[in-house]
Amino acid sequence: MLLPVWPVRADKPRDGMSYLFSYYGDNGNNRVIAPAVFLSKKLTDTYYLGTTAGVDAITSATKKAPTTTPASDEEDEGGEGEFSFRVPLSLWLTYDRDNDTLTGGGYYSYEKTYTGKSLFAAYTRRLNLNNTAVGISYSHSFDNWVPDRQLPTDQRSERTLDLNVSQLLSPRMSILFTYSSLRSDGFLSQPTDLLDTGGTFTTYAQYPEHRQGSAYAVKFITLLDDPTSLHVYYRYYRDDWHIQSDTVNLELFRDLSSSLTLGLRYRYYQQSAAYFAKDLNAYTPADALIAVDYRMYAFHSNTVGIAAIIKPSKGFLSRFDADKVKLKLSADVFSTSSHPNIQYQYKTDQLTGLFTTIALDYDF
Amino acid sequence: MKKLLLSIVLLALIGLAGCTEKLVRVQPYEMEYFAQDKMLFVPLDSRAVFEMHIFSIREASAGGLSGFQGGCGCR
């Protein structure tokens, strides 16, 4: 899934393209390799056409659905080393004039067990000599599972409404407020999540068919000194499954030279459990709602990362305009707290993963 | 809840329109820092998009940043 991030300040739409390569791997034998191309082309003074296209190659160590009924003891620990593929494609049109930017588009992705379709729209208005920007964006997905077992419903939809307000506070400080309203409907657990209590009974995970959540976030940026900026981000999330979470992200960026900016980040995340989450051994056949995935339980995680933005010197790329080329690199390591469900799902006490991105931007 | 939210948004918009002069904190000729990568709200858009995906796979929360459109069943 490679999607645009909407402009939230006085940013103009890009007229350029990017080559992207992203990688994720963890000690639970999950891997994602995702090359992609992003293109945003200025068609006229006011219209831009944008697209992203790529391939996500995914391996997963999650348990495959047994071919027989859940009452069977049969369980297939599969997927290691076998790639499945997702092919995502986004297309959008942007209207940008004076202080207004309006974008509308669609997304489609195909993989063997899931088809994703969504429509999205975003509007940003710049005010007060570009000191203030107000944005609203809405997306609605109409997805379908293609499972190898019967589900109560194959449908799954998500709708997200984001409201943003950003404000410059001084020549060295800015702030961004975001409110998100999220609603999901349909079959919301993973069809392959299987609970095996060790011979007593075996059943699939089952979540409620509706979920509604809200996120409130603030991001503050300040220039500490001429070459150094500090980014502080906090998000509070809660939903009607009784999951609440806090996310804090601190990031320092420093210009080491005119062609190199380095970034260091620390992120902390902690969440509470869903109301239907129980100890795995406490479930009985009478339970209608069953969680297996550790994400439905209380845990916390830490992420540290490094990033670099490189603008090649003019002599390095004599055939190109060096001012139009940018290379962005990042590498982040995250680690969750230990949890019995992580041990159950991934045969390790805690998940530790690495994700990296490489992006080569070229502006027309 | 929706009425409350709508009221807050409307009040915010009225407030923004009503105190325009106070919200012009930075003159156009003072904006040089905001053009720099390190002062953007999303300095690394490629990482922001990918990590939004990764954290939706690894955590139960979402939102708080624009741009998520569903389509992978990860959440």
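A residue is buried if 20 or more other C-beta atoms lie within 10 Å of its own, exposed if 12 or fewer, and partly exposed in between, with the C-beta atoms placed from the backbone. This is a predicted model, in which local features need pLDDT of at least 70 and side-chain atom pairs count only at pLDDT 80 or more, while totals for chains, interfaces and linings use all residues. Residues are numbered from 1 along each chain as its sequence is written, and chains are lettered from A and ligands numbered from 1 in the order in which they are written. The model scores ipTM 0.89 and pTM 0.90.

**Chain A overall**
- Chain A holds 1 helix and 19 strands, where helices (H or I, at least four residues) and strands (E, at least two) are DSSP runs numbered from the N terminus.
- Of the 364 residues in chain A, 36% are buried.
- Among the contacts in chain A with a separation of 6 or more, 57% join residues 24 or more positions apart, a contact being two residues whose C-beta atoms, placed from the backbone, lie within 7 Å.

- Strand β18 (residues 325–336) has a covered face made of A:K326, A:K328, A:S330, A:D332, A:F334 and A:T336, and an uncovered face made of A:V325, A:L327, A:L329, A:A331, A:V333 and A:S335.
- In a regular strand the side chains alternate between the two faces of the sheet.
- β17(A) and β18(A) pair in the antiparallel sense over 10 bridges, pairing being called when DSSP finds at least two bridges between two strands.
- β18(A) also pairs in the antiparallel sense with strand β19 (residues 352–363), over 11 bridges, and A:V325 stands opposite A:Y362 in β19(A).

**Residue A:I306**
- A:I306 lies in strand β17 (residues 299–310) of chain A and counts as partly exposed because it has 14 C-beta neighbours inside 10 Å.
- A:I306 stands opposite A:A331 in β18(A); the C-alpha atoms of A:I306 and A:A331, 25 residues apart along the chain, are separated by 5.5 Å.
- Not counting residues up to four places away in sequence, A:I306 touches A:G263, A:L264 and A:A331.

**Contact between the chains**
- The contact takes 79 residues from chain A and 44 residues from chain B.
- Strand β9 (residues 155–170) of chain A gives the most to the side of chain A that touches chain B, with 12 residues.

**Confidence in chain B**
- Chain B averages a pLDDT of 79, and 63% of the residues score at least 70, pLDDT being the predictor's confidence in each residue, from 0 to 100.
- Within chain B, confidence is lowest in helix α1 (residues 2–18), at a mean of 61, and highest in helix α3 (residues 45–58), at 91.
- Where pLDDT is low, the predicted coordinates should not be read in detail.
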